[in-house]
Structures are given as structure tokens and as C-alpha cells.
Amino acid sequence: MTQLHRAKARHFHALHRDGSALVLANAWDVPGARQVEQAGGTAVATTSTGWHLSGDSDRSARSRALDLVAGIVAAVDVPVTADVEGGFASDPAGVADTVRCVLAAGAVGIDIGDSGYAMAAPLRPMAEQAERIAAARAADSVDIPLFVNARIDVFLRTHGPNADLLTTTLERAAAYLSAGADGIFVPGVVDPGTITALVAGIPAPLTVLAGPDALGFAALGGLGVRRISVLRAGRVTGPVQHC
């Protein structure tokens, strides 16, 4: 299993470097993940959107998200990357625990964001988030090259001139990459000029979110975007296992 897990992880990294944008659909359940694979998806992303909407604690939300990850990994043959929101933990040590559980469930990547539902401020302080990313990276100690995709929510959660938002995003991207992130995810960006500036200013694969106001996949790939996140609806299945 470890050899297969390692091979999937390496393949997932390679999908960000093969010259075309990786279109990654987010599955909310096992049937949705199977549909993505059957439709030709080369990888599947899980989504934990909604785990905190009912007031769940980090531990409860993490267990539910990990159930979903484990179920999807068992149901598909392609690599699976997991949305772990802010890490489902109050401190870096807890983030590391989450990552170890994600790896134990068989996933090969994570998205970890710098905003959260229960936070007083729109964004976690940059230095604090960098520590959490470093903890996630350090937890990658089982010879599985986890792809750590650092999500920056500046354009979603804050307001101001576009130039200021861009500058702040680039500053955070540099800090997160220095902490060990493999890629950067900037949802909420649709302007071609801004996307071009992000690609030029971030020396790592850039992920953007597809949507009604966004450019098409080919156009985004032409700008240098390496990964496109596509939202999908679905029903969450019952628990499979958790850490």
C-alpha cells in the first residue's frame, strides 16, 4: 500500500507540471468522486465545506472530513487531495495531527487555508499561518510527498484596492512557500490581469477557482494557471473511518 500511495503522490505532483492546467473537481461524497473518475478526472479533491456551519468543533469537523477522505480514497483509483480548511486545529501541533490522519487515510495532498469560520479576524496572521504550514510540511514524514496547497483568502475575505490585495496575496504566498507549501490557491480572482500578475509573482503552481464569472479552462491555462478548482454539489455519505 505504501508503494502505491507513494506512486500516487508523485503522480499528483507531476500533474501540476505537465504543461496543462489540472482541472480538479471537488467531490462531496463517494458517488460524486466515482463520477469524476468515470468522466476522466485524473485526480479528485474532497470538500469539507459546511462542516462548521452547524457549530461543530474542530475535532468533530475533522472526523467527518476524514471519514469522507477515507471513503473516497477507497472508492477511486486516482490520487485524492483533501480540503482540511484551516487544519481543524487551534495550534500547529494539531495541524500536524490532521495531516498525519490525512496521510493515513490515503490522500496525497491537502488544501489548507488562512481563514476560518470561527475566527475574529478575516484572515489568520501571516506568520501564524506560516507556522501552521510548516507543521503540515513536517508531518509529511512517511516518505509520501504530500502536496501542500496553501489557500490565500485575501480576495474573498478582505476589501480594498486591487493592487493592495495583490500585494498582500504575494507577500503571503512568499511566506507560505518558504514554510514548505508546494502550491498556492487564490480563490476569488477572475480578472485576467490579476491572474497574470499572480502567475508571474508566485514561483509555484497557482490554483484558481472556476465559476460563472471566471475565464474558461483553456484561457486560464494559457495565462499560466496550473490547477483549476471546480465546485460540485453532492450528498455526504455516512462515516467510513477516521483518525
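Select β3, residues 80–83. This strand gives three residues to the lining of the largest cavity, the largest share. Strands here are DSSP runs of E with at least two residues, helices are runs of H or I with at least four, and both are numbered from the N terminus. The model is predicted: local features need pLDDT of at least 70, side-chain atom pairs count only at pLDDT 80 or more, and totals for chains, interfaces and linings use all residues. Residues are numbered from 1 along each chain as its sequence is written, and side-chain values use heavy atoms, with hydrogens and water left out.

**The cavity**

Show the side chains of L24, N26, A45, T46, T81, A82, D83, D111, T207, R227 and S229. These residues line the largest cavity. A cavity is a set of points on a 1 Å grid over the protein atoms alone, where a 1.4 Å probe fits but cannot get out; lining residues have an atom within 4 Å of a point.

How much space lies in the largest cavity? About 60 Å³. The volume is the space filled by probe spheres set on the points, which are joined across faces, edges and corners. The structure holds one cavity of 30 Å³ or more.

Color the lining by class. You get three nonpolar, five polar and three charged residues. Nonpolar covers Ala, Val, Leu, Ile, Met, Phe, Trp, Tyr, Cys and Pro; charged covers Asp, Glu, Lys and Arg; the others, Gly among them, are polar.

Go to the loop between β3 and α4 and pick E85. Its phi is positive, near 50 degrees, and E85 is not a glycine. E85 is buried, at 15% relative accessible area. Buried means under 20% with a 1.4 Å probe, protein chains only.

Next, pick F88 in the loop between β3 and α4. F88 is not a glycine, yet its phi is positive, about 55 degrees. Is F88 buried or exposed? Buried, at 6% relative accessibility.

**Two helices**

Select α4 (residues 92–104) and α5 (residues 126–138). They pack at about 35 degrees, with axes 8 Å apart. Axes are lines fitted to C-alpha atoms over the stretch in contact, and angles run from 0 to 180 degrees between N-to-C directions.

Show P92, V95, A96 and V99 in α4. They meet E131, R132, A135 and A136 in α5, where contact means heavy atoms within 4.5 Å. This contact has six nonpolar, no polar and two charged residues.

Key:
1 Å grid on protein atoms, 1.4 Å probe; cavity = no way out; pocket = protein on both sides within 12 Å on 5 of 7 lines; lining within 4 Å. Buried < 20%, exposed > 50% of the residue type's maximum accessible area, 1.4 Å probe, protein only.
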